[in-house]
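Biologist: Could you take me through this model, residue by residue where that helps? I will ask as we go.

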Amino acid sequence: MNSRSRKITPHTGSPRAEPIPNWSTLSRADQVEIHNHGQVITSGCIDMLAMDGSVLWLQQDDGKGRALFLHSDGLRVYRRLVKQS
């Protein structure tokens with residue numbers, strides 16, 4: 001892609017969230033969203049995480065309980081930005 005064909009997007013003032021390809025870089029208590037095929041399927045707080053990043057347990061938002069997610073399922077995890085007051 002050369003500079004003439006690159007799409008330029010306006011600056012919105014907030015950083016764009018990027019997927020976390022290596023789940024082992026996540027931490028317990030990180031607030032995340034789980035995406036599948038471009039759609040948010042759930043969000044919440046990481047409760048437990050395998051040291052190798054292959055598995056994470058998520059305490060889902062809105063009282064939906066705890067759920068297990070496997071990296072090998074091809075899901076994308078985005079760390080949610082927490083507003084500081």
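Biologist: Is Ile46 buried or exposed?
Modeller: Ile46 is buried, as its relative accessible area is 2%. Buried means under 20% relative accessible area, exposed over 50%, and partly exposed in between, with a 1.4 Å probe and protein chains only.

Biologist: Before we go on, what should I know about the source?
Modeller: This is a predicted model, in which local features need pLDDT of at least 70 and side-chain atom pairs count only at pLDDT 80 or more, while totals for chains, interfaces and linings use all residues. Residues are numbered from 1 along each chain as its sequence is written, and side-chain values use heavy atoms, with hydrogens and water left out.

Biologist: Where does Ile46 sit?
Modeller: Ile46 belongs to strand S2, residues 39-49. Strands (E, at least two residues) and helices (H or I, at least four) are DSSP runs, numbered from the N terminus.

Biologist: Which residues are in contact with Ile46, leaving aside neighbours within four places in sequence?
Modeller: They are Leu26, Ser27, Arg28, Ala29, Asp30, Val32, Leu56, Trp57 and Leu58. Contact means heavy atoms within 4.5 Å. As for Gln60, 14 residues from Ile46 along the chain, the two C-alpha atoms are separated by 8.4 Å.

Biologist: Trp57 is on that list. What lies over its face?
Modeller: Arg66 does, at 4.2 Å from the ring centre of Trp57. The rule for a charge over a ring asks for NZ of Lys or CZ of Arg within 6 Å of the ring centre and within 35 degrees of the ring normal.

Biologist: Now the fold. How many helices and strands are there?
Modeller: The protein has 0 helices and 5 strands. The 5 strands form an open sheet in the order S4-S3-S2-S1-S5, with antiparallel pairing. Strand S4 (66-70) and strand S5 (76-79) are the edge strands, each pairing on one side only. From one strand to the next, the twist averages 45°. Axes for such angles are lines fitted to C-alpha atoms, for helices over the stretch in contact, and the angles run from 0 to 180 degrees between N-to-C directions.

Biologist: How many bridges join S2 to strand S3?
Modeller: S2 and strand S3 (residues 55-60) run antiparallel and are joined by 5 bridges. Two strands pair if DSSP finds at least two bridges between them. The bridge partner of Cys45 in S3 is Gln59.

Biologist: And strand S1 with S2, over how many bridges?
Modeller: Strand S1 (residues 31-36) pairs with S2 in the antiparallel sense over 6 bridges. Val32 has Gly44 as its bridge partner in S2.

Biologist: What about the turns?
Modeller: The hairpin of S1 and S2 has 2 residues between the strands, and His37 in the turn has a positive phi of about 55°. The hairpin of S2 and S3 has 5 residues between the strands, and there Gly53 takes a positive phi near 75°.

Biologist: Lastly, what share of the protein is buried?
Modeller: Buried residues account for 24% of the 85 residues.
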